[in-house]
Amino acid sequence: MIHRRDARAKTIAVLVFLIALATARRNFLAVGLWYFAILVAVTIAARLPILAALARVAVVVLPFTLVFAAISLAAGEPLAAITLVGKSYLSALAVLVLLSTTPLPELLHGLEHLGVPRYLLMVVQFLYRYLFVISGEAQHMRAAARAKSGSLKRVFFDRSKFGAAAGAMGVLFARSYAHAEGIHQAMLARGFQDRFRTLSRHAFRGGDAAFLMTAVLLLAGARVAIEAWI
Amino acid sequence: MEPLIEVHDLHFQYDDGTVALDGVHFRLFPGETVAVFGANGSGKTTFVLHLNGLLAGDGDIRVCGMVLERKNLARVRQKVGLVFQDSDNQLFMPTVIEDVAFGPLNLGVDRNEAYARATAALEQVGMEPASHKAPYHLSAGEKKRVAIAGILVMRPEILVLDEPTTSLDPPGQIALLDLLERLPQAKILVTHDVQSARILANRAVFFEKGRIAGEGSVEELIARFSWDRARNRQATHI
């Protein structure tokens, strides 16, 4: 069901979530737990692998936030540390659920309807596509290096290895540039001008409005209620 | 008969100073399939990129009677369908059907019509069952077929195929050649694969140092430029 909802409804719901989460000050533990429960329920309803999603967000978010949380702890503010980690984690999880349930062209099209500048969206689209290009090229080069008994072990401690790795990075970007150029030419050859068009009708239906209203009630309404009662 | 493509005195130099095309003259007529032979770096791919307006050198190019210039690029790109050597470059949308519909949507075709045309094109190349698959889950041969569907859907009058049989296994090559043989469009076939050229092409040109050094039947050019590796090796061993 979540997958079928219009990208605009999902994007606005996530924006409401992020604003409600970012502005939660009192009773963050209760609000955070409630939001976590909502995200877990949505993730399960969307048939996404819940444990993998939770772990992936932890891997991406925690290395950065734990540093600042440690600073807050050292300053004698444990609640601030928990709030920092909690808000970062929940925000990233919400964005992950949005991205996992909405194909990127749909999402960008929805954002365009919401007034985000088209050129900014094109940059995002190309960035997304070219990340796969770079990653694909990197995998090919890694396989080639392994085939020649190359390894990245102790690369930072071995001067010759470090030099070779730096050179390989240069080659990686040069190859990725050439590959990206090929993709761009293929797009132009098929009439690409200035925007991605998709087959979807982008109709905002009654179900999308109901989804959005429910989301706002569960997110903003529940937060107001929790803060009033606790 | 009016040529579909007419190229007159085309010159092109890359930014690093490499002269890639040095006075190319070429014509393609309706119903023809022309094989383009030549060593790596002889200018074949650079030449075909000009036919779609992806590169702009000095010289005159006419496509279906239109002078190729910036203002009619969209119409030219609809007339000349370019199938790239690396299908992965050509497939970038999340699903096969969306990828094939990419061209018509860019031409301003209505979504329902684009969907119908994309489905028909996929049927034409035998890939309709894969409509909702992600392109990167397909085999090399399937990707090539989808890439061709992505071009056919734009209803081009000319198909330009850059090394279409590269990286395909023999059954994939046979299937692709069968498909190409059935397509009614005029074709330019850039290839090192002389067997494909023998099957598909009724004329050939040979590129050397950015020029067309020879023109004639496929067999004539293969013999003149010793281009059939298998035959040469056989002769050497005898």
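Two strands pair if DSSP finds at least two bridges between them. Keep that rule at hand as you work through these exercises on a predicted model.

**Exercise 1. In which sense do strand 1 and strand 2 of chain B pair, and over how many bridges?**

Step 1. Find the two strands: strand 1 of chain B covers residues 5–13, and strand 2 of chain B covers residues 19–28.

Step 2. Look at the bridges. Ile5(B) has Leu28(B) as its bridge partner in strand 2 of chain B, and Phe12(B) has Leu21(B).

**Exercise 2. What is the strand order of the six-stranded open sheet of chain B, and which strands are its edges?**

Step 1. Going across the sheet, the order is 6-7-8-3-9-10, and the pairing is mixed.

Step 2. The edges are strand 6 and strand 10 (211–216) of chain B, since each pairs on one side only. From one strand to the next, the twist averages 20°.

Step 3. Check some neighbours. Strand 6 (residues 80–83) of chain B runs parallel to strand 7 of chain B, joined by four bridges; here Val83(B) is partnered by Leu161(B).

Step 4. On to strand 8 (residues 186–190) of chain B, which is parallel to strand 7 of chain B and joined to it by five bridges. Val160(B) stands opposite Ile188(B) in this pairing.

Step 5. Strand 3 (residues 33–38) and strand 9 (residues 203–208) of chain B are also a parallel pair, with five bridges. Ala35(B) is opposite Ala204(B).

**Exercise 3. Why is strand 7 of chain B described as largely enclosed by the rest of the structure?**

Step 1. Recall the cut-off: a residue is buried if 20 or more other C-beta atoms lie within 10 Å of its own.

Step 2. Apply the cut-off. Four of the five residues of strand 7 of chain B are buried, so this strand is largely enclosed.

Step 3. See what follows the strand. Together with helix 7 (residues 170–182) and strand 8 of chain B, strand 7 makes a right-handed β-α-β unit.

Step 4. Compare with another element: helix 1 (residues 44–51) of chain B is mostly covered, with eight of its eight residues buried. Among them are Lys44(B), Phe47(B) and His50(B). After this helix comes Gly53(B), with a positive phi near 75°.

**Exercise 4. How do helix 1 and helix 8 of chain A pack?**

Step 1. Two packed helices are described by the angle between their axes and the distance between the axes.

Step 2. For helix 1 (residues 7–22) and helix 8 (residues 206–229) of chain A, the angle is about 5° and the axes are 9 Å apart. Angles under 35 degrees count as roughly parallel, so these two helices of chain A are roughly parallel.

Step 3. Look at who meets whom. Helix 1 of chain A brings residues including Ile12(A), Val16(A) and Phe17(A), while helix 8 of chain A brings residues including Phe211(A), Leu212(A) and Leu219(A). The contact divides into 12 nonpolar, no polar and two charged residues.

**Exercise 5. How many residues does each chain give to the contact between chain A and chain B?**

Step 1. Chain A gives 17 residues and chain B gives 26.

Step 2. On the side of chain A, helix 7 (residues 159–189) gives the most, with six residues.

Step 3. Sort that side by type: eight residues are nonpolar, five polar and four charged.

Terms used: Residues are numbered from 1 along each chain as its sequence is written. Chains are lettered from A and ligands numbered from 1 in the order in which they are written. This is a predicted model: local features need pLDDT of at least 70, side-chain atom pairs count only at pLDDT 80 or more; totals for chains, interfaces and linings use all residues. A residue is buried if 20 or more other C-beta atoms lie within 10 Å of its own, exposed if 12 or fewer, and partly exposed in between; C-beta atoms are placed from the backbone. A crossover is right-handed if, with the strands pointing away from the viewer, the path from the first strand over the helix to the second runs clockwise. Two residues are in contact if their C-beta atoms, placed from the backbone, lie within 7 Å. Ala, Val, Leu, Ile, Met, Phe, Trp, Tyr, Cys and Pro count as nonpolar, Asp, Glu, Lys and Arg as charged, and the others, Gly among them, as polar. Axes are lines fitted to C-alpha atoms, for helices over the stretch in contact, and angles run from 0 to 180 degrees between N-to-C directions. Angles under 35 degrees count as roughly parallel, over 145 as roughly antiparallel, 65 to 115 as roughly perpendicular and the rest as oblique.
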